[in-house]
Amino acid sequence: MADIPDIEALTPYARSLGIALDRWEDGTPIMAVSFDEMVEGRPDHYHGGATGGLLETAGYAALRAELARLEREAVLKPINITVQYLAAGKSRTSYARGRITKLGRRSANITVEAWQDDPARPIATAVMNVLMAEPSG
Amino acid sequence: MSEQDRKFDPAKATAFFTGRGHSGWLGLRYSDHGDDWVELELPWREDLLGEDGQRVLASGPILSLMDMASGMAIWRAMDEFTAIATLDLRVDYVRPAREGASVFGRSQCYRLTRSAAFVRGLAHDGDADDPVAHIQAVFMKIAPTARL
């Protein structure tokens with residue numbers, strides 16, 4: 001499909017944690033992580049940090065996809081993230097999808113949602129600001 | 001309250017929590033604590049980097065470190081171990097962490113109510129006066145203890 005850009009959606013950290021690109025929906029990458037001990041906090045539940053890592057990864061992936069579509073090159077640097085934990089992440093696969101709410105010249109504002117069984121019932125959401133620096137060299 | 005009267009020992013609890021699960025995978029270690037704060041250490045690891053081609057720790061592990069340090073700070077301030085859940089966590093990444101350095105996450109529980117715990121903290125890579133990140137978070141007690 002023409003609207004799927006060729007991007008590296010995963011950082012070394014995300015690969016390490018077992019996050020993977022699950023599928024594309026409307027030109028947006030859906031990221032997923034299966035439940036295993038690496039993401040577990042209290043028994044049989046996701047650690048808040050792992051859920052946050054999935055949200056951040058989906059946010060960056062959405063931004064990389066949009067930049068690739070616009071043929072813009074940038075080095076992405078985190079400014080901040082605010083995560084809202086809405087429901088406990090249970091012992092099954094979690095998904096996340098980012099949406100670019102504002103793409104500026106130097107920074108992007110991204111909202112992200114994570115869910116398990118039903119995208120309409122998110123387990124966590126996040127708002128992120130990401131700095132887009134000029135590639136050096 | 002003197003140290004001997006305290007029930008919740010952050011050093012022992014860290015060893016318990018980091019033996020497995022997400023914290024164990026990250027390799028979190030106990031660093032320091034006070035009456036209402038706990039500091040944990042996230043050792044440098046090659047496989048926790050952010051963008052390819054840059055030698056900078058990803059932001060995700062810092063979020064996990066601060067979530068864990070915040071939980072420990074709350075248990076320390078309550079001086080008991082009850083189930084809590086993160087409600088809201090904000091991280092401001094003020095500068096990249098130095099390559100090869102451990103990152104220390106220090107969180108303080110500055111207010112406890114019957115059902116909520118408020119924390120603030122910072123992450124640094126050796127000098128707490130020059131942080132790499134600041135955080136603010138609210139946790140909820142999952143099963144509120146009656147008449148706390």
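Student: Which residue of E2(A) is the bridge partner of A:Glu25?

Tutor: The partner of A:Glu25 is A:Thr28. This is a predicted model, in which local features need pLDDT of at least 70 and side-chain atom pairs count only at pLDDT 80 or more, while totals for chains, interfaces and linings use all residues. Residues are numbered from 1 along each chain as its sequence is written, with chains lettered from A and ligands numbered from 1 in the order in which they are written.

Student: What makes E1(A) and E2(A) a pair?

Tutor: Two strands pair if DSSP finds at least two bridges between them. Strand E1 (residues 19-25) and E2(A) have 6 bridges, in the antiparallel sense, so the pair meets the definition. Strands here are DSSP runs of E with at least two residues, helices are runs of H or I with at least four, and both are numbered from the N terminus. The two strands form a hairpin with 2 residues between them. In the turn, A:Asp26 has a positive phi of about 50 degrees.

Student: Which other strand of chain A pairs with E2(A)?

Tutor: Strand E4 (residues 94-103) of chain A does, over 4 antiparallel bridges.

Student: Why does A:Gly53 count as buried?

Tutor: A residue is buried if 20 or more other C-beta atoms, placed from the backbone, lie within 10 Å of its own; 12 or fewer makes it exposed, and anything in between is partly exposed. A:Gly53 has 28 such neighbours, so it counts as buried. The residue lies in helix H2 of chain A.

Student: Which residues does A:Gly53 touch, apart from those up to four places away in sequence?

Tutor: A:Leu17, B:Gly60, B:Leu63 and B:Ser64. Being in contact means that the C-beta atoms lie within 7 Å. A:Leu17 is 36 residues away from A:Gly53 in sequence, with 8.6 Å between the C-alpha atoms.

Student: How many residues of the two chains are in contact with each other?

Tutor: 29 residues of chain A meet 28 residues of chain B. On the chain A side, helix H1 (12-17), helix H2 (48-69) and strand E3 (75-85) each give two or more residues. E3(A) gives the most, with 10. By residue class, the chain A side has 13 nonpolar, 11 polar and 5 charged residues. Nonpolar means Ala, Val, Leu, Ile, Met, Phe, Trp, Tyr, Cys or Pro, charged means Asp, Glu, Lys or Arg, and the others, including Gly, are polar.

Student: How do you know that E3(A) pairs with a strand of chain B?

Tutor: The bridge count between E3(A) and strand E3 (residues 84-93) of chain B is 5, in the antiparallel sense. At least two are required, so the two strands pair. Within this pairing, A:Val83 stands opposite B:Leu89.

Student: What makes the end-to-end distance of H3(B) agree with its length?

Tutor: The expected span is 1.5 Å times one less than the number of residues. Helix H3 (residues 59-78) of chain B has 20 residues and should therefore span 28 Å; its end C-alpha atoms are 29 Å apart, which agrees.

Student: Why is H3(B) called largely enclosed?

Tutor: 19 of its 20 residues are buried, so the rest of the structure largely encloses H3(B). Just after the helix, B:Asp79 takes a positive phi of about 55 degrees.

Student: Where does UniProt place the feature "domain: Thioesterase" in chain A?

Tutor: The unreviewed UniProt entry places that feature at residues 45-120 of chain A. UniProt positions use the numbering used here, feature names are shortened, and annotations may be inferred rather than shown by experiment. That span is 29% helix and 39% strand, with end C-alpha atoms 20 Å apart.
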